[in-house]
Amino acid sequence: MKLEDIKTVGMAGAGSMGAGIAQIAAMAGLQVKVVDMSEEVWGRAKKTIVKSLERVVKKGTITEKEMEETLGRISFSTDVASLKDVPFIFEAVFEDINVKKELFAKLDAVCGDDTIYATNTSSISITEMAALVKNPANFIGMHFFNPVPVMKLVEVIPALQTAPATKDLALEMAKKIGKTAITCKDTPGFVVNRLFVPYIIDAVRLLEEGVASAEDIDTAMKLGCNMPMGPLEFQDFAGVDIGYHVINIFHEYMKQERFAAPGLLRNMIKAGYVGRKAGKGFYDYSEEK
C-alpha cells in the first residue's frame with residue numbers, strides 16, 4: 001500500500017486524543033471516519049474539534065471556508081462496520097489491553113487483510129497488541145501527544161511482527177498529517193514517557209513528603225527548566241486517574257520500585273480529585289467556568 005492511495009482513514013476512539021488525530025488528518029485533506037461507542041462521546045469530540053479549529057482560524061492559519069471543508073471531511077458513527085473499506089485505522093481507546101482486544105476483534109471481523117492498524121497507546125506493548133490481530137505485520141504504534149493539534153511529535157514503534165513496509169508507511173503518514181516522527185523500539189513508555197513518568201512520580205512524592213507546595217514545585221520546573229507546564233499542573237490537565245493508570249502499567253511491566261504509584265495518587269483517586277475535569281486535583285478549579 002502506498003500513501004498516495006490512502007484517501008480515507010479511520011479513527012477508533014473519540015476521546016481527546018482521537019478527536020485531535022481526526023482533526024489533523026482532516027486538515028491534511030483526508031476523509032476521516034470516527035467511531036466510538038455512543039453519540040454522546042463523539043458529540044463531545046465534534047465540539048472539541050470545532051473549538052480547536054476556531055482557534056486556528058482566529059490565528060489566521062486557516063480560513064473559515066477551510067474550517068468548514070475540514071469539518072465536512074469528518075464523519076461519526078457508533079458502528080465499527082463503517083470502517084470496513086478503510087485502509088488505515090488509528091486507534092485511541094482506553095489504555096486497557098482488554099478494551100483494545102475487544103476492539104481489534106471487531107475490526108478484524110470487518111476490515112480487509114491489508115488494513116493498517118496504528119495504535120496510539122502510551123504504555124502497552126505494541127508486540128503484545130499485534131499478537132491480538134489477524135495480520136500483525138500490519139500493526140504498528142503511533143504515539144501522539146496531547147493536545148494533538150499543537151504537539152509536533154509522533155513516536156513510531158514497530159512491533160516485533162511489524163513489516164518494514166508498515167513502518168515506512170506510518171512514517172510517511174505522520175509527515176502527511178504535519179508531525180515529526182521518531183522511531184523507537186517496543187519498550188515500556190517508548191522514549192518520552194520512559195523519561196516523563198518517573199518525573200511525574202517524583203514530583204508527586206516531593207509534594208507527598210512536604211518538600212514543597214504544588215505551586216512551588218510547578219514554578220520550579222517552569223522557571224528553572226523552562227517547562228511550559230509544571231508536572232502537577234500537567235497531571236491535572238491530563239487527568240490524575242489516567243496518570244495513575246499509566247503509572248500502574250509501567251510498574252507492572254518494569255517491576256521496579258521507582259515506578260510504583262505514590263500513596264497520595266491512590267487517595268486522590270478515591271476522593272475523586274482527578275483534575276480539571278472534576279473541578280479538583282492538585283489544584284482547585286471549582287470556580288472556573
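1. A word on classes before anything else: Ala, Val, Leu, Ile, Met, Phe, Trp, Tyr, Cys and Pro count as nonpolar, Asp, Glu, Lys and Arg as charged, and the others, Gly among them, as polar. With that in hand, the lining of the largest cavity comes out at 2 nonpolar, 4 polar and 3 charged residues.

2. Some housekeeping. This is a predicted model, where local features need pLDDT of at least 70 and side-chain atom pairs count only at pLDDT 80 or more, while totals for chains, interfaces and linings use all residues. Residues are numbered from 1 along each chain as its sequence is written, and side-chain values use heavy atoms, with hydrogens and water left out.

3. Back to the cavity. Rolling a probe the size of a water molecule over the atoms shows where empty space is left. Here a cavity is a set of points, on a 1 Å grid over the protein atoms alone, where a 1.4 Å probe fits but cannot get out; lining residues have an atom within 4 Å of a point. Grid points are joined across faces, edges and corners, and a volume is the space filled by probe spheres set on the points. Searching the whole structure turns up 1 cavity of 30 Å³ or more, and the largest cavity holds about 40 Å³ of space. Its lining is made up of Asp108, Gly112, Asp113, Thr115, Tyr117, Val133, Lys134, Asn135 and Asn138.

4. Axes are lines fitted to C-alpha atoms, for helices over the stretch in contact, and angles run from 0 to 180 degrees between N-to-C directions. Helix α8 (residues 214–224) packs against helix α9 (residues 231–238) at an angle of about 105 degrees, with the axes 7 Å apart. That makes α8 roughly perpendicular to α9 (angles of 65 to 115 degrees get that label, under 35 is roughly parallel, over 145 roughly antiparallel, and the rest oblique). Contact means heavy atoms within 4.5 Å; on the α8 side it involves Ala214, Ile217, Asp218, Met221 and Lys222, and on the α9 side Pro231, Leu232 and Glu233. By class, this α8–α9 contact has 5 nonpolar, no polar and 3 charged residues.

5. α9 also meets α7 (192–208). The axes of α7 and α9 come within 9 Å and cross at roughly 110 degrees, which makes α7 roughly perpendicular to α9. Phe196, Tyr199, Ile200, Ala203, Val204 and Leu207 from α7 face Pro231, Leu232, Phe234 and Gln235 from α9. The class count for the contact of α7 with α9 is 9 nonpolar, 1 polar and no charged residues.

6. A few backbone spots to look at on screen. Most residues other than glycine have a negative phi, and most peptide bonds are trans. The peptide bond from Asn146 to Pro147 is cis, with omega near 0 degrees, and Pro147 is in the loop between β6 (139–143) and β7 (153–158). Phe190, in the loop between β8 (180–183) and α7, has a positive phi near 55 degrees. Asn226, in the loop between α8 and α9, has a positive phi of about 60 degrees although it is not a glycine.

7. Leaving aside neighbours within four places in sequence, Gly141 is in contact with Thr119, Ile126, Glu155, Val156 and Ile157. Gly141 and Thr121 are 20 residues apart in sequence and 7.0 Å apart in space, C-alpha to C-alpha.

8. Asp202, in helix α7, is partly exposed at 42%, and its C-alpha is 9.8 Å from that of Ala261, 59 residues apart in sequence. Val211 sits in the loop between α7 and α8 and is exposed at 53%.

Note on methods: On a 1 Å grid over the protein atoms alone, a cavity is a set of points where a 1.4 Å probe fits but cannot get out, and a pocket is an open set with protein on both sides within 12 Å along at least five of seven lines; lining residues have an atom within 4 Å of a point. Helices (H or I, at least four residues) and strands (E, at least two) are DSSP runs, numbered from the N terminus. Buried means under 20% relative accessible area, exposed over 50%, partly exposed in between (1.4 Å probe, protein chains only).
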